[in-house]
Amino acid sequence: MHIPTMAEMVANGDSPDILFWVGCSGSFDQRAQKITKAFATILNKVEIKYAILGKEEMCTGDPARRAGNEFMFQMMAYQNIQLLNNYNIKKIVTACPHCFNTLKNEYPELGGNYEVIHHTLFLQQLIDEGKIKMKEGGSFKGKKITYHDSCYLGRANNIYEAPRKVLEALDTELIEMKRCRSNGLCCGAGGAQMFKEEEKGDTRINIERSKEAIGTNANIIATACPFCNTMMTDGIKANEKEDTVQVMDIAELIAASI
C-alpha cells in the first residue's frame with residue numbers, strides 16, 4: 001500500500017484532511033499492523049484525503065508517563081507537538097486508545113491542541129453519513145460478537161456507544177459480557193503493565209477477562225485497542241479456544257464487510 005507521508009504532501013504543496021496517527025503497536029507489532037492496514041483500506045475505499053507521519057512519528061510517551069518517567073514523556077511530547085504544529089495539523093485519527101487519550105487530553109497543556117478522534121468514532125461517523133456501505137449478507141451476518149471495552153476509551157473518555165453502533169451495522173448479534181461499559185474489566189495491559197513483570201496473584205487478568213468473553217458463546221471478540229487485542233488473543237490461547245473464537249479489531253471487521 002502506498003500511503004502518503006506528511007513530508008511528501010507538504011513537498012507537493014498539499015495538505016490532508018486528517019492525519020492518521022499509527023502509534024507504536026500499529027507500526028511495529030505484527031498483529032497490530034493488520035489493524036493499521038484494515039483502517040487504511042477503509043480510508044482509501046471512502047476516498048478520504050489522509051497522510052501519516054511515517055518515520056517522523058515518535059511514541060506519544062504514554063507508556064513512559066504511566067511507568068513514572070515524566071521527564072521522558074515530556075521530551076517525547078514536545079518533539080511530537082513541535083512536529084505537528086510545524087505541519088499545521090488540525091485533525092488526528094488514531095486506532096489506539098492510549099495514543100488517543102494522550103494526544104487529546106495530555107498534549108494541550110504542553111501546547112498541542114488538536115481535534116483527536118478514535119477510529120471507532122470516525123467509523124461510526126462514516127457509517128452515519130452513508131460513506132461506508134456494507135455488503136449484502138456480509139461475512140459476519142448472524143455471527144455472535146462480544147465487545148471488550150478498552151479502559152482508555154471507555155472509563156477514561158466515556159466512549160461506549162460508537163464501537164457498539166459500528167458493530168450493530170454489521171448485522172451481527174451483539175452479546176454483552178457481565179462486566180461491560182463503565183463496569184468493564186481491564187485486559188491487563190494499560191498503565192504500562194504491558195511492559196513490566198507480573199506481580200504475585202492467582203490468575204492473570206487477561207485470562208480472567210477472556211473466560212468472561214468465552215462464557216458469552218461469542219464467535220468473535222471485538223476490540224478497539226491493539227493492547228487489548230494482544231491480551232485477549234493470549235487469553236484465548238491460554239484457554240485453548242483458538243479454533244472457535246477469533247479476536248478482531250473493529251476496523252478489521254468493517255474492512256472485511258465493505
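Mentor: This is a predicted model. The largest cavity has a volume of about 70 Å³.

Trainee: Which residues line the largest cavity?
Mentor: The lining includes Phe-20, Val-22, Ile-35, Cys-96 and Pro-226. Helix H2 (23–28) and helix H3 (30–45) each supply at least two lining residues.

Trainee: What makes up that lining by class?
Mentor: There are 7 nonpolar, 4 polar and no charged residues. Gly counts as polar here, and Gly-23 and Gly-26 are among the lining residues.

Trainee: How many cavities of 30 Å³ or more does the structure hold?
Mentor: The structure holds 2.

Trainee: What about Cys-151?
Mentor: Cys-151 is in no disulfide either. The nearest cysteine sulfur, in Cys-186, is 3.8 Å away. A search of the whole structure finds 0 disulfides.

Trainee: Is Cys-96 buried or exposed?
Mentor: Buried means under 20% relative accessible area. Cys-96 has 4%, so Cys-96 is buried.

Trainee: Why is Cys-151 called partly exposed?
Mentor: Exposed means over 50%, and partly exposed lies between the two cut-offs. Cys-151 has 24% relative accessibility, so Cys-151 counts as partly exposed.

Trainee: What makes His-98 count as buried?
Mentor: His-98 has 5% relative accessibility, under the 20% cut-off, so His-98 counts as buried. His-98 is found in helix H6 (residues 97–106).

Trainee: What does His-98 touch, leaving out residues up to four places away in sequence?
Mentor: His-98 touches Asp-62, Tyr-152, Gly-190, Cys-225 and Phe-227. A contact here means heavy atoms within 4.5 Å.

Trainee: Why is helix H9 called largely enclosed?
Mentor: In H9 (residues 205–214), 7 of the 10 residues are buried, so the helix is largely enclosed by the rest of the structure. Asn-206, Ile-207 and Arg-209 are among the buried ones.

Trainee: Which elements do the buried residues of H9 pack against?
Mentor: They pack against strand S5 (144–147), strand S7 (220–223) and helix H10 (226–238).

Technical notes: Residues are numbered from 1 along each chain as its sequence is written. This is a predicted model: local features need pLDDT of at least 70, side-chain atom pairs count only at pLDDT 80 or more; totals for chains, interfaces and linings use all residues. Side-chain values use heavy atoms; hydrogens and water are left out. Helices (H or I, at least four residues) and strands (E, at least two) are DSSP runs, numbered from the N terminus. Buried means under 20% relative accessible area, exposed over 50%, partly exposed in between (1.4 Å probe, protein chains only). A disulfide is a pair of cysteine sulfur atoms within 2.5 Å. On a 1 Å grid over the protein atoms alone, a cavity is a set of points where a 1.4 Å probe fits but cannot get out, and a pocket is an open set with protein on both sides within 12 Å along at least five of seven lines; lining residues have an atom within 4 Å of a point. Grid points are joined across faces, edges and corners, and a volume is the space filled by probe spheres set on the points.
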